[in-house]
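Please look through the sequence and the structure shown here before reading on. The report below then goes through the model part by part.

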Amino acid sequence: MRFRSVLSVLGFILVVVGILMSLVLPVSLYYGGSDAYALLLSALLMIVVGLLVWFFNKKQSKELGVREGFTIVGLGWVVASLFGCLPFVLSGAIPDFTDAYFETISGFTTTGATILTDIEVLPHGLLFWRSLTQWIGGLGIILLSIAILPALGVGGMQLFQAEVPGISVEKLTPRIIQTARILWMVYVLLTVVQMVLLTAGGMTLFDATCHSFTTVSTGGFSTKNASIAHYQSAYIEQVIIVFMFLAGTSFALHYRALRGELRGYSRDDEFTFYAILVVLASLIIFLGIPIESGESLGKTVQAAVFQTVSIITTTGFVTADYELWYPAAQWILLMLMFAGACTGSTAGGIKLVRILVLLKNAVNQLKMLIHPRAILPVRHNGKSLEQEIIVDVLTYFVLFVLIFVVSTLVMTTLGMDIVSSAGAVAASLGNIGPGLGSVGAVDNYAHVPLIGKWVLMFCMLTGRLEIFTIIVLFTPTFWKR
Amino acid sequence: MKIVVIGAGEIGFHTAKILSQEKHDIIVVDHSAAQLERVNDALDVMTVQGIGSRLTTLRRAQVETADVVIAVTSSDDANFAACVFSHKMGAKRKFMRTNDADFFEDAGVNPQDFGIDMAVSPERLAAKEIVRLIRRTAATDIVEFAEGRIQLIGIKLDQASPLINRKLRDVLKDYSEVPFRAVAISRGLRTIIPTADDVFRKGDQVFVISKTEMVPEMLKVSGKESVKIEDVMILGGTAIGQQVAADLEDEVSVKLIESSKETSSKLADVLKKTMVIRGEGKDLDLLATEGIMDMDAYVAVTRDEEDNIISCLMAKHLGVKKAIAHVEKTDYIPLANTIGIDALVNKKLSAATEILKLVRKGEILSIATLHGVDAEMIEMIANHKSAVTKKPVRDLKFPEGGIIGCVIRNEEVIIPVGDTRILSEDRVVVLTLPRSIHEVEKFFH
């Protein structure tokens, strides 16, 4: 392991995130600036520490191997969150370190689980920073660094693969730096368009910006206690539904569409599956909403669609308390938490392409029982997948379930009930936010025991970085020479 | 530039590697997923899986908008087809590899007739390199430029060299009558661009630029004697062996050993002056009978690289002054120094070097890539706005991965010293590590 090469990149990442944090200062000052001091100090600390670490190691080779790649990505997220929670602690808004760290990790990993009982009392600067962490984390801290740092080269590809979701990462251009820039460009474009549309719907510019940040990143932090339900506006909900759906779609497809290849969407197996799943799940959930709630038919349909899209894209916005719905509807939502949306999007969860591969493989295995000698390839987008990819997907699934089972066990040991424990772990591992039971749609995570919070943080990070990246750091082989 | 490389074998891999380090946009095409995975793991390039001579594959590789297409699969026909298609699709420049050196000549046509800028034959290039090395026995590498007026030579410093443990600064002072410029030192696996304070060590391979007429003097300074070559023995009647014999047979006495009956008869027919001997290279008696002890140079170019290495070691053991082996694996090349063979040549690397030279033509004038050394020779032309003309060489703050080798002004060749000033219109030969190429270029903008 070349630790100094790792440090040099980590230093650079800190500088980038520090500069982004300093951009919050004007917002803070405009709204009175009670949190300006904490933000300024944190940003300065981040930039200075980052510059020092970078400066003393910058002559190191940028040829990063597999180990360096995993270490940088894993540590990068942990360290960025460590500095990212400083404004909350220093300003006294969230005095407890564990809580502040939880809130920041939940932000960067675009989970959107909060320990705040009253969000609206937070000063505007902190609220903005909280949303910004999700926006940075949505596409990825590392991807942002790749887009800026030109010297990464092949090392960049190692980092890219360790951070970007999906079974096989697709390069859109010959050089990694261009791909990173294109993805960010699409991301910024989506954000800006949504901001304009939300402002047009009567949101203040501040709220529109914050909500756009947390929608396109599928994060789910809101600046209001009641989340999107606060606005009671059908238009705002519709805009958010559309943008959550787009954020859950592969950005590569968006890029192709921008270049005129609109048929890319319908030709993509995963997208087709995603669209069908959203429609089906919405329908079932619609049927699972009790009629006595007294809402009009249109409103009920919209509530069903909103919650389906919000959960499958792992955003976690809420417009209704889904725990009042029939159990079947809640069960579907729990399943969607596991499923997640598309590869190459900002969504969390297992990802639909993996689910597709698992299902197709299962069907093949059954056929093999009847025709033991048949050669049955698992196809995706018309191409048969190699055995290694299928094994990779199976392994991923097993690890995902294993982490879910063990973490839930720990949560129940701490005294939480089964529904809340399972809901909290599923919502953290899939980067959704609101879970079930005592951490449901209208609740928060403040009451979770200390150890439980750390377990959930681990789940968020593992889920965001696609399981392998974090788990591999804990294997003995990784550290052997 | 957007460059499409068809074929991810050694040549394709090496070419793609160097060009991507120079920040070009590279797309590599190959039909084997395993080969492409190796490329993806090691290089920052895009890969396209498919058969390179198919139009659909070429379209996916965006050949229409490519500035350069390099077809280097192992099949001549596939390379040819890929280039012709690319030409029709609008790719600007096309280069192909030919294994059969007579692919075009036999039919009496030129590659240019088909829109192909140049066909590169790895065997021919390797043979040329071997011949150059034989002509200058004391050197491990040799590259000529400026119409042959300057040479870059590689010298291995052995025990007897008076340069060992001396600073470059002091050596330059002592031998001021022999102007030379030490541009690179290959030490172990590292390539060092030396400064005046660097110290020579035993086993270093030093690359020096000098005027051609001063090269024998230069070799003497380093403790090497240039040997007159009179007898050469070649093992292996491969295309390379045949070409080397054909190039050398007019000047020196050549013996060629080949085991196959057919090949040896054919060679005996084609090579008028070479003595072709049928027999096994491992047969020591035969070699002794044919006087291997009296040979000045021994070249092993059979298809079996291990055989080549072993027989070269044997030749060195028996006192042959210069032994050169051809190897298939590029990974072996840096070993030459360690195992005591004078030079290892690889036809694919030779081909890659040639292709790089062709690709860069018109942009920067590259001269050579050095075997086993991670550095490139490039030629730049200074203009009146160039930063490089503003100060004496000593004060330039030239990038640490680059060094000015020599300056060609009109017909005159200047080996620069600290206070040399580069003028507008000068052709400047620079040796640089691939990562520094762009920084170096900035000095000439």
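## The fold of chain A

In this predicted model, chain A is built from 23 helices and two strands. Its C-alpha trace spans about 65 × 60 × 55 Å along the principal axes. A compact globule of 481 residues would have a radius of gyration near 23 Å, and because chain A has 22 Å, its value agrees with that expectation.

Of the 481 residues of chain A, 53% count as buried. When contacts in chain A between residues at least 6 apart in sequence are considered, 72% of them join residues that are at least 24 apart.

## Helix α21 of chain A

Helix α21 of chain A covers residues 450-464, and its 15 residues reach 21 Å from the first C-alpha to the last, which is close to the 21 Å expected at 1.5 Å a residue. Is this helix mostly covered or mostly exposed? α21(A) is mostly covered, with 11 of its 15 residues buried; among them are V455(A), L456(A), M457(A), C459(A), M460(A) and L461(A), and the buried set also includes K453(A) and R464(A).

Which helices do these buried residues pack against? Their partners in chain A are α4 (66-84), α6 (97-108), α19 (387-413), α20 (418-429) and α22 (468-471). Just after α21(A) comes E466(A), which takes a positive phi of about 60°.

## A buried glycine in a loop

G112(A) is found in the loop between α6 and α7 (124-139) of chain A. Buried or exposed, how does G112(A) count? Since a residue is buried if 20 or more other C-beta atoms lie within 10 Å of its own, G112(A), with 28 C-beta neighbours inside 10 Å, counts as buried.

If its neighbours within four places in sequence are left aside, G112(A) is in contact with S106(A), Q134(A), T214(A), G219(A), G220(A), F221(A), G316(A) and G433(A). As for T133(A), it lies 21 residues from G112(A) in sequence and 10 Å from G112(A) in space, C-alpha to C-alpha.

## Where chain A meets chain B

Nine residues of chain A are in contact with eight residues of chain B. Helix α9 of chain A (residues 154-163) provides the largest share of the chain A side, namely three residues. Sorted by class, the side of chain A that touches chain B has four nonpolar, three polar and two charged residues.

For the complex, the predictor gives an ipTM of 0.71 and a pTM of 0.79.

## The domains of chain B

The domain assignment of chain B gives domain 1 (2-120), domain 2 (138-221), domain 3 (228-350) and domain 4 (375-442). Between domain 2 and domain 4 of chain B, the C-alpha centres lie 19 Å apart, and the contact takes 16 residues from domain 2 and 15 residues from domain 4.

On the domain 2 side of this contact, β7 (141-145), β8 (150-156), β9 (180-187) and β11 (205-211) of chain B each supply at least two residues, and β9(B) gives the most, with four residues. By class, that side has 11 nonpolar, two polar and three charged residues.

## Confidence in chain B

The mean pLDDT of chain B is 84, and 96% of the residues of chain B reach 70 or more. Where pLDDT is low, the predicted coordinates should not be read in detail.

Methods:
Residues numbered from 1 in each chain as written. Chains lettered and ligands numbered in written order. Predicted model: local features only at pLDDT ≥ 70, side-chain atom pairs only at ≥ 80, totals over all residues. Rg over C-alpha atoms; globule rule 2.2 N^0.38 Å. Buried ≥ 20, exposed ≤ 12 C-beta atoms within 10 Å, placed from the backbone. Contact = placed C-beta atoms within 7 Å. Nonpolar A, V, L, I, M, F, W, Y, C, P; charged D, E, K, R; others polar. Domains from an automatic or database assignment. Expected span 1.5 Å × (residues − 1). pLDDT = per-residue confidence, 0-100.
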